Amino acid sequence: MTNEEIVGLLVHHGVKPTPNRILIAQALAAATRPSSQPELERRVETLDKSSIFRTLGTFRVHGLVHVIEDGSDTVKYELCLSHDADHDDDQHVHFYCERCNRTYCLESIHIPQVTLPAGYEVHGVNYVIKGLCPHCARQASME
């Protein structure tokens, strides 16, 4: 994504585009898969842990990131490319490889609609499939 697209996405989600926020959004946009905070800290060495933590919290509150809890005891983040600031139209399935411990976006597979009983209020959806990624599955078959 270009710098202008990043700034536009931040503004669209109601987030003031400060230099730190732009830098973290760029790092998330450039990532090939969801990233943990420690991974972001290694990629964005110019910012300290607390700045990254606060920025991810702001992004989370404004719906600018998907928060993936894949069972690895480390939360992963990915930039939400929703076109609607009030409704996330970018929800998709994630895949967690139990061998290499990586989480992948399966953007072409949307999260199925679930109708909940009366009285329940949804605040988020986390749909993770676990198994072996293609690379690890090939390796396992050769062992």
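Are Lys76 and Asp70 buried or exposed? Both Lys76 and Asp70 are buried, where buried means under 20% relative accessible area, exposed means over 50%, and partly exposed lies in between (1.4 Å probe, protein chains only).

Good morning. The model before you is a predicted one, in which local features need pLDDT of at least 70, side-chain atom pairs count only at pLDDT 80 or more, and totals for chains, interfaces and linings use all residues. Residues are numbered from 1 along each chain as its sequence is written, and side-chain values use heavy atoms, with hydrogens and water left out.

Let us begin with Asp70. This residue is found in the loop between strand S2 (65–68) and strand S3 (76–79); helices (H or I, at least four residues) and strands (E, at least two) are DSSP runs, numbered from the N terminus. The relative accessible area of Asp70 is 1%. Leaving aside residues up to four places away in sequence, Asp70 touches Lys76, Tyr96, Thr103, Val128 and Lys130, a contact being heavy atoms within 4.5 Å.

With Lys76, Asp70 forms a salt bridge, and the closest N and O atoms are 2.7 Å apart. A salt bridge is a side-chain nitrogen of Lys or Arg within 4 Å of a carboxyl oxygen of Asp or Glu. By this rule the count comes to three salt bridges.

Another salt bridge joins the side chains of Arg33 and Glu39, at 3.6 Å from N to O. Here Arg33 is partly exposed, with a relative accessible area of 24%, whereas Glu39 is buried, at 16%.

The side chains of Arg99 and Glu143 also meet in a salt bridge, at 2.2 Å from N to O. Arg99 lies in the loop between strand S4 (92–97) and strand S5 (103–110), and Glu143 in the segment after helix H5 (134–142), so the pair ties together parts that are 44 residues apart in sequence. Arg99 is partly exposed at 33% relative accessibility, while Glu143 is exposed at 69%.

Finally, I turn to helix H1. Within H1 (residues 3–12), Ile6, Leu9 and Leu10 are buried. They cover an arc of only 100° around the axis, and therefore sit on the same side of H1; the arc is that of the directions from the helix axis to the C-beta atoms. The face turned away from the buried side of H1 carries the exposed residues Glu4 and Val11. Among the elements covering the buried residues of H1 are helix H2 (19–30), helix H4 (49–61) and S3.
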